[in-house]
Amino acid sequence: MVKRRPAILVLEDGRTFPGEAYGSVGETFGEAVFNTGMTGYQETLTDPSYHRQVVVQTAPHIGNTGVNGEDDESGRIWVAGYVVRDPARIGSNWRATGGLEDRLATEGVVGISGVDTRALTRHLRERGAMRVGISSIDNDPQSLLTRVRQAPQMVGADLSAEVSTAEPYVVEALGEHRFTVAALDLGIKRNVPRRLATRGVTTHVLPASSSIDQMLATGADAIFLSPGPGDPATADAPVALAREALRREVPLFGICFGSQILGRALGFGTYKLGYGHRGINQPVLDRVTGKVEVTSHNHGFAVQVPGSGDGAVVPDQVIDTDFGGVRVSHVCLNDNVVEGLRAVDLPAFTVQYHPEAAAGPHDADYLFDRFADLIEGRTHSKGRSNA
């Protein structure tokens with residue numbers, strides 16, 4: 001058995017975990033977060049929302065099915081670092097085209113294996129997400145700790161421009177074309193336009209710096225605000241775009257970071273969660289249907305509406321805003337965090353989690369139908385008013 005190079009992981013509070021180099025040899029820094037998914041590590045690694053974060057996998061065995069060319073959610077791995085307990089020595093799956101560690105090494109992702117991820121996760125649950133460093137070139141904890149504390153924090157980080165597409169592109173509808181959607185790319189995952197395409201929607205994906213006029217110039221029937229990384233309190237330009245779309249009564253749908261953007265546009269605040277929601281097993285109540293869904297999450301910030309926060313039960317009532325009434329449509333059953341908003345007087349709604357489910361359960365896939373129905377209703381309404 002090949003002996004691995006020693007490595008260490010140091011949190012900003014000084015807690016240190018020894019291990020072995022996994023992936024690329026080197027040094028990396030970011031925000032330490034944990035993901036509770038038992039599957040879907042390739043989708044996690046390539047999710048732009050994990051930009052500048054060091055992901056700890058709570059599932060003990062990672063890499064069992066290797067990697068392939070089909071499951072990426074973007075064109076590269078975005079995590080700043082990767083922490084696993086027991087990496088698979090051999091990946092085995094009929095779809096695999098390579099091994100996970102080789103992919104990490106090729107893309108320069110510094111990781112660590114052999115870590116007590118259970119103890120690390122419990123520490124983060126008790127102390128909250130924090131800055132972290134991984135090094136397989138400097139095994140002095142105090143030396144690494146100094147550099148960890150010099151690394152930027154996630155609060156105040158404006159990152160969407162760093163992960164957004166440089167040029168617009170189009171994902172065509174499958175079958176008969178029904179609608180056109182302009183998606184503001186704040187860190188979009190590939191499965192979002194795919195799910196829209198199956199409903200006859202052609203999606204124009206535009207850079208994060210796009211204006212409302214550039215988005216509507218695509219012939220869009222609606223606007224989609226994508227997921228993405230960073231602190232939503234810094235995203236003033238997307239918030240201004242969303243407010244203008246609301247004024248023009250353009251149908252809007254936001255997911256995750258996009259939900260926070262629309263929440264801010266409606267006049268609500270945002271705040272950082274203690275350790276966030278990340279995984280594919282989060283229970284959410286849909287107040288519209290009364291059903292409980294198992295959902296995929298990846299967010300460290302949340303929308304603050306009157307009466308919410310700190311585990312408080314979110315009121316089920318209409319909240320007055322500059323754009324009419326708004327209801328909290330979805331709530332996380334673990335901690336009562338706001339997981340969705342629905343405008344009463346305008347064609348706009350959001351969810352904080354990931355109905356595109358890559359990776360994850362498909363309980364919330366119906367939300368893309370809800371978006372298509374919203375567009376259809378608005379299109380028919382405009383047609384009647386123009387008749």
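The model is a predicted one. Helices α8 and α9 cross with their axes within 8 Å of each other, while the structure as a whole holds zero disulfides.

- Helix α8, which covers residues 236–247, and helix α9, which covers residues 257–265, have axes that come within 8 Å and cross at roughly 65 degrees.
- The crossing of α8 and α9 is right-handed, and on the α8 side the contact is made by D236, P238, V239, A242, R243 and L246.
- On the α9 side, the residues that make the contact are I261, L262, R264 and A265.
- When the residues of this contact between α8 and α9 are sorted by type, seven are nonpolar, three are charged and none is polar.

**A helix with a buried side**

- In helix α4, which spans residues 141–148, the buried residues are L144, L145 and V148.
- These residues lie on the same side of α4, because they cover an arc of only 105 degrees around the axis.
- As background, an α-helix has 3.6 residues a turn, so residues three or four places apart point the same way.

- A disulfide is a covalent bond between the sulfur atoms of two cysteines.
- The sulfur of C256 has its closest cysteine sulfur in C332, and because the two are 13 Å apart they are too far for a bond.
- C332 is likewise in no disulfide, the nearest cysteine sulfur being that of C256 at 13 Å.

- Most residues other than glycine have a negative phi.
- R52 has a positive phi of about 70 degrees although it is not a glycine, and R52 is placed in the loop between α1 (41–45) and β4 (53–57).
- With a relative accessible area of 22%, R52 is partly exposed.
- C256, which is also not a glycine, has a positive phi near 55 degrees, and C256 is found in the loop between β14 (252–255) and α9.

**D72, a buried loop residue**

- D72 sits in the loop between β5 (61–62) and β6 (81–83), and D72 counts as buried because its relative accessible area is 10%, which is under the 20% cut-off.
- Although D72 and R190 are 118 residues apart in sequence, their C-alpha atoms are 7.9 Å apart in space.
- Leaving aside neighbours within four places in sequence, D72 is in contact with Q42, T46, R103, R190 and R194.

**V351, a buried strand residue**

- V351 belongs to strand β20, which runs over residues 348–351, and V351 is buried, at 0% relative accessibility.
- Not counting residues up to four places away in sequence, V351 touches F253, G254, I255, C256, S259, H330, E339, G340 and L367.
- The C-alpha atoms of V351 and A157 are separated by 22 Å, and these two residues are 194 residues apart along the chain.

How values were computed
Residues numbered from 1 in each chain as written. Predicted model: local features only at pLDDT ≥ 70, side-chain atom pairs only at ≥ 80, totals over all residues. Heavy atoms only, no water. Axes fitted to C-alpha atoms, helices over the stretch in contact; angles between N-to-C directions. Helix = DSSP H or I, 4+ residues; strand = E, 2+ residues; numbered from the N terminus. Left-handed = near helix turned anticlockwise from the far one by under 90°. Contact = heavy atoms within 4.5 Å. Nonpolar A, V, L, I, M, F, W, Y, C, P; charged D, E, K, R; others polar. Disulfide = S-S within 2.5 Å. Buried < 20%, exposed > 50% of the residue type's maximum accessible area, 1.4 Å probe, protein only. Arc of directions from axis to C-beta.
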